[in-house]
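Please read them with the structure open.

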Amino acid sequence: MSEIETNETERQARYNPAEIEPKWQARWDADPKLYTAEGHDSGKPKFYCLEMLPYPSGQLHMGHVRNYSIGDALARFMWMRGHNVLHPMGWDAFGLPAENAALKNNTPPRDWTLQNIAAMKKQMRRMGLSYDWSTEVATCLPDYYRWNQWFFLKMYETGLAYRKKSKVNWCPDCQTVLANEQVVNGRCWRHEDTIVEQRDLTQWFLRITKYADELLDGLEKLEGWPEKVRTMQRNWIGRSEGALVNFAVEGGSSKEATADPSTSLRSAQDDTAGGTGQSAQGDACSVITVFTTRVDTIYGATSVQLAPDHAVAKAFAAEDADLAAKIEALREEQKKARESDDFGAIEKHGVNTGRFAINPFNGERVPIWVGNYILADYGTGAIMSVPAHDERDFEFAQKYGLPVRRVIAAEEGEQPDLPFTAEENAVLINSREWDGLSCTEAQQKMAAFAKQNGFGEPTVTYRLKDWGVSRQRYWGTPIPMVYCENGHAGVEPGGVVALPASALPVLLPESIEITQEGGSPLGKVPEFLHTTCPVCGGPARRETDTMDTFVDSSWYFYRYTDAKDDTTPFSSEKANYWFPIDQYIGGVEHAILHLIYSRFWTKVMRDLGMINNDEPAERLFTQGMVIKDGAKMSKSKGNVVSPDDMIARYGADATRMYALFAAPPDRDLEWQEEGVAGISRFLGRVYRLANKYAETTRLGRIPSLVSRTQTDQALLRTLHQTIAKITLDFSGRWHFNTSIAAIMSLVNEIVAAEAAIDAGQASPAAVAEIVRNLVLLLAPFAPFFAAELWEQIGEEGVVFRTPWPVADEELARENEIEIPVQVNGKLVNVIKVPADADQDEIKAAALADEKVKARVEGRNVVKVIVVPGKLVNLVVK
């Protein structure tokens, strides 16, 4: 061979992703149906594989790459397993960063967003991700957000969307309202250092609380979701069973004192962020409705305590300037504690109003206090204080000298110190006719007694509040409501009127000045603001708030199934075929926000008759974060690693494989660039081997059992063990790091056997089987690489549409197994025996081992315990 020919051969055998990957991407781009899902009549089992759609910030980082590599590997595996796969991608494209960019760069939000989408889509293609781009959605485009508006109208028609004034969370940086779920540790979920304020605003809400029980109960059916996520949702929904009890305010009307307690609680809960807890009937000062989970302790109540914003507290303050000043001080303390996320540690302060309420169970007068630790948005904003049986109440009573009365005792033995909060093995005392009842029995009977006598009832309350969806910003879905200036039949002047579906979409104006000051920017655009009433034709004003962007992501995965439909959000037939999602992949940080909203939206659509499923996803996987320099990789922390840089140095396949190999996918990954370089070197070894044996593979045939050499058997055993392991990993364990490690071990064994193969000690057919299946095993993890090798070894068709290899149990079975040998329970040695050895053979091998003989020399072997395939234990004296 000439020097020129030798150099050309070496060049061809050298792995060069800079040549290989663009070549295959160009071929794949030329086949628009390559990743397109087949029809419902394909006869194949369906598999909907989905990663959470990204916000188009402009650049992918390695956190994105890890998420998408997991989903991509799974989608390719399921294609190879013969499934009809839907693997879409889109863009969660509305949001505040676009407005910030408009301010900073003088670029319209739409232009900035679409430019970023184009850039990130280009990166995704370069990564070789297997998305069906024919189903792509961008939530900022009218063909998507018109359906947000359509859903809003449907919810308004059914009473799920409503408007009211309430206390809301306000982010000074975002200059907009945040839902309760978007406040994390007292701070904005987008601006981690910005303390959220409380403001009074009129807002639009979605009545998610209507589905509270179903959202809670449904978690038990989501066995394919991480328990951590389910626990977070349970805690957020926060179901509490208890009773409502009306305490009449002394001096108020006795008629008002028996106001319907259920009405009182509904009034409080409807005022989502700022409940008043007042009776819906008559004078707010006549009755105080408390919610308690421990009505069995009511004979121990020595005061009633109100939140500073409770209607009764406000009424008392209006009559007493000195009291008003003290309550205002409590309100400020509460506000500061909530904004600093220090509410649980708030120093408890209170003020005695000088007024009394009547305990309806025993007629006792109890003082009415206002406390800074009582929240208006929990229950009714009022509690009965039972110091003997509540730690918080006990602390408050000790501070202010309030009476402490024991009404619960242990069933047996010495009475515990106060406060005694246990319910099990405890009974009522000092509670008149209820004495001797267990706590649980008393709670049921006393709540029923309160209902029978018209001063209370059993009830359930939730931590979950209705979803405030109004946002005072431009770059979001316009809310399809107007305010009729003149009014008409059934609508007062300035009243709300819903637009008809035929008026959708309500388009965002493209030319707009964004200042993030003085309310929504839409209110400063006359051509948007001023319109006509769809009912009377008179002048009207549009709603200028836009929808929370979590509306966009609550149903986007249904649109993927029918992304081009301009007559309906999606075809029910198509959605019912694909749903529920078979595997959903994303970060655990979305456990409460996106994931609970999307479950709510699914149930609303089901009740509208659009879908059959109750839950959006059968299985959920939450991947770990990518950590660099001790912190989560993010643009704000300045520790982002661009995949573009890694691809330029090592190729997309090496970058993807590192993201899957460096740590189990559910654990955090500590970024190390050397790891990417190591994967690249490994792929280089495989490339050399495949090229070396390409001709052998092209010509090889499957051997008969009798023709296999010892080298064949050893290599095929490792191959089929590797196939079995990776198949199992994809079937639920998802230990892709150990899958790739198993492939590496297989390659190491091939390299170790090279001399034997080259000496003719391995049959061509065995070599062909090993090389061919090695390429198939790599296809989900390194698709460019596998496609190149598939072609080089003479195979036809698309490698990741080729059937996945099936492990042969006979070939995978070990000839020998290792058995630990113990003497008196302590390990002495590990011996090798034939895999089919019986107990006598294992015992003989253990006794013949030199280390074992040395250990038992001069001693009497009393007993030999053999556990086949597990261990041997010699009992000696």
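1. First, the criterion. A salt bridge here is a side-chain nitrogen of Lys or Arg within 4 Å of a carboxyl oxygen of Asp or Glu. The model is predicted. The structure holds 46 salt bridges.

2. What is the burial state of K603? K603 counts as buried, because its relative accessibility is 1%. E214, at 28%, counts as partly exposed.

3. K326 and D322 give a local case. Their side chains meet in a salt bridge at 3.5 Å, N to O. Both belong to helix α11 (residues 321–339) and are four residues apart, so about one helical turn separates them. K326 is partly exposed at 42% relative accessibility. D322 is partly exposed too, with a relative accessible area of 48%.

4. E754 and R688 also form a salt bridge, 2.9 Å from N to O. E754 lies in helix α24 (residues 754–758) and R688 in helix α20 (residues 673–692), so the bridge ties together parts 66 residues apart in sequence. E754 counts as buried at 10% relative accessibility. R688 counts as partly exposed at 34%.

5. Some bridges share partners. Through them, E214, R599, K603, R606, D607, D614 and E615 join into one network. The pair from point 2, E214 and K603, is part of this network.

6. D849 deserves a look. Where does D849 lie? D849 is in the loop between α28 (839–848) and α29 (850–856). D849 is buried but has no salt bridge. The nearest side chain of opposite charge is K851, 7.0 Å away. The backbone of K851 is another matter: its nitrogen lies 3.1 Å from a polar atom of the D849 side chain. Leaving aside residues up to four places away in sequence, D849 touches N829 and I831.

7. Last, the second largest pocket. The space in this pocket is about 480 Å³. Its lining has 20 residues, and F291, Y378, I383, D390 and R392 are the closest to the centre. At least two lining residues come from each of β9 (287–292), β13 (382–385) and α12 (391–400). Which element gives the largest share of the lining? β13 does, with three residues.

Terms used
Residues numbered from 1 in each chain as written. Predicted model: local features only at pLDDT ≥ 70, side-chain atom pairs only at ≥ 80, totals over all residues. Heavy atoms only, no water. Buried < 20%, exposed > 50% of the residue type's maximum accessible area, 1.4 Å probe, protein only. Lys, Arg positive; Asp, Glu negative; His and termini not counted. Polar contact = N/O pair within 3.5 Å; in protein donor to acceptor, adjacent residues only side chain to side chain. Contact = heavy atoms within 4.5 Å. 1 Å grid on protein atoms, 1.4 Å probe; cavity = no way out; pocket = protein on both sides within 12 Å on 5 of 7 lines; lining within 4 Å. Points joined across faces, edges and corners; volume = space filled by probe spheres on them.
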